[in-house]
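This report describes the fold of one protein chain for a reader who has the sequence and the structure at hand. Please keep both in view while reading.

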Amino acid sequence: MQKYCPSHDNDGTPRCCSCERMEPKDIKYITLDDGRKLCLECLYTSIMDTDECQPVYIDIQEFYEGLNMKVEQQIPLLLVERQGLNEAREVEKMGHHLPETRGLCLSEEQIVRMISRRPILGPGNKMIDISTAPHKLVRRCEVTAILVLYALPRLLTGYILAHEMMHAYLRLKGYRILSPEVEEGICQVLAHLWLESEIVSGSSIAAEATATPSSTSSSAKKGEKTDFEKKLGEFFKHQIETDPSAIYGDGFRAGIRAVERYGLRGTLDHIKRSGSFPS
């Protein structure tokens, strides 16, 4: 429900790469090394390096286990820069992803540069001193790694991770090659279900009131969900529900209708048998 002058749609006014709010004239957003902007509220719970992301990964694994969809294999999770995601996508030859890729489920052996240490906030609200390290992916099963873009708030990181984990689940459980609409649709359904569980449970990672954005670590972020985080979760849910794309949007809406009618297990069983959503 943000209100702004229509002229700002095309006058170069920066937007937060997470919540998409426009940068006010009196508050400067954080500038990341790849040119993305991050508002101060989204920065508060942002996940900045691979180690910091592991607790979120555990949350997602437990969420899947609670749905009787446990993934037995240990799949590496790496936080990466935008360039690293794009390079990995080229190796995988993935054609149907969105122009702004924020997560990938990989199946090829390759070397990926992961974010190995949280960057620091430097002069001019710019993130500096980004440290990366090469990580060689070895193919021990159908999935070699899950990659997620760094510097996104916990709820967005988790929603992307829940989506990519479903790609991994489908490959590891022997599902046939699915159409993009069915595969991306059911992955979006799982991301949506995870967001709902976070919003309903009230469990989230909110920064300690005494911490500064640049010094907040994952261990210091446990706490009650802030009003902003509640709104942010609802915003991400709304994005999934109203996505206009044929693959992600229509796929999600067909998937969620099937799950509401036949349940998640019934829908997955039908997809495994027929390669399509039950009607």
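## The nonpolar core

A nonpolar core is a set of buried Ala, Val, Leu, Ile, Met, Phe, Trp, Tyr and Cys residues joined through side-chain atoms within 4.5 Å. The structure discussed here is a predicted model. Its largest nonpolar core holds 79 residues, and L147, M166, I186 and L190 touch the most other members. Helix α4 supplies the largest share of this core, with 12 residues. In soluble globular proteins, nonpolar side chains tend to be buried together.

What does M166 touch, if its neighbours within four places in sequence are left aside? The contacts of M166 are Y64, M69, I186, C187, L190 and L268.

## The chain as a whole

The chain contains seven helices and 13 strands. It has 279 residues, of which 49% are buried.

## Where helices α5 and α7 meet

Helix α5 covers residues 180-201 and helix α7 covers residues 246-274; their axes come within 6 Å and cross at roughly 75 degrees. Angles of 65 to 115 degrees count as roughly perpendicular, and α5 and α7 are therefore roughly perpendicular to each other. On the α5 side, the contact is made by P180, E181, V182, E184, G185, I186, Q188, V189, L190, H192 and L193. On the α7 side, the residues are A246, I247, Y248, G251, F252, G255, I256, V259, L264, T267, L268 and I271. By type, the residues of this contact comprise 15 nonpolar, six polar and two charged.

Q188, a residue of helix α5, is one of those that make the contact with α7. Is Q188 buried or exposed? Its relative accessibility is 5%, so Q188 counts as buried. The side chain of Q188 forms a polar contact of 2.8 Å with the side chain of H163. Apart from residues up to four places away in sequence, Q188 touches Y159, H163, I240, Y248 and F252; of these, Y248 and F252 are named on the α7 side of the helix contact.

A168 is located in helix α4, which spans residues 154-172. With a relative accessible area of 0%, A168 is buried. Beyond its neighbours within four places in sequence, A168 is in contact with I75, C105, V143 and I146. Computed along the sequence, A168 and E142 are 26 residues apart, yet the C-alpha to C-alpha distance between them is 7.9 Å.

A88 belongs to helix α3, residues 82-92. A88 is also buried, with a relative accessible area of 1%. With neighbours within four places in sequence set aside, A88 is in contact with L104, L106, Q110 and L147. L106 lies 18 residues from A88 along the chain, and their C-alpha atoms are separated by 7.9 Å.

## A buried arginine

Where does R36 lie? R36 is placed in the loop between β1 (30-31) and β2 (37-38). R36 is buried, with a relative accessible area of 5%. Its side chain reaches the backbone oxygen of Y150 at 3.1 Å. Not counting residues up to four places away in sequence, R36 touches C17, I30, T31, R82, L149, Y150, A151 and L152.

## Residues with greater accessibility

N68 sits in the loop between α2 (50-66) and β4 (77-80). It is exposed, because its relative accessible area is 68% and values over 50% count as exposed. N68 is not a glycine, although its phi is positive, at about 60 degrees.

D129 occupies the loop between β8 (126-128) and β9 (131-136). Its phi is likewise positive, near 60 degrees, in a residue other than glycine. D129 is partly exposed, with a relative accessible area of 43%.

E234 is found in helix α6, residues 227-242. E234 is partly exposed, at a relative accessible area of 41%. E234 and L195 are 39 residues apart in sequence and 8.1 Å apart in space, C-alpha to C-alpha.

How values were computed: Residues are numbered from 1 along each chain as its sequence is written. This is a predicted model: local features need pLDDT of at least 70, side-chain atom pairs count only at pLDDT 80 or more; totals for chains, interfaces and linings use all residues. Side-chain values use heavy atoms; hydrogens and water are left out. Axes are lines fitted to C-alpha atoms, for helices over the stretch in contact, and angles run from 0 to 180 degrees between N-to-C directions. Helices (H or I, at least four residues) and strands (E, at least two) are DSSP runs, numbered from the N terminus. Angles under 35 degrees count as roughly parallel, over 145 as roughly antiparallel, 65 to 115 as roughly perpendicular and the rest as oblique. Contact means heavy atoms within 4.5 Å. Ala, Val, Leu, Ile, Met, Phe, Trp, Tyr, Cys and Pro count as nonpolar, Asp, Glu, Lys and Arg as charged, and the others, Gly among them, as polar. Buried means under 20% relative accessible area, exposed over 50%, partly exposed in between (1.4 Å probe, protein chains only). A polar contact is a pair of N or O atoms within 3.5 Å; within protein, one must be able to donate a hydrogen and the other to accept it, and residues adjacent in sequence count only if both atoms are side-chain atoms.
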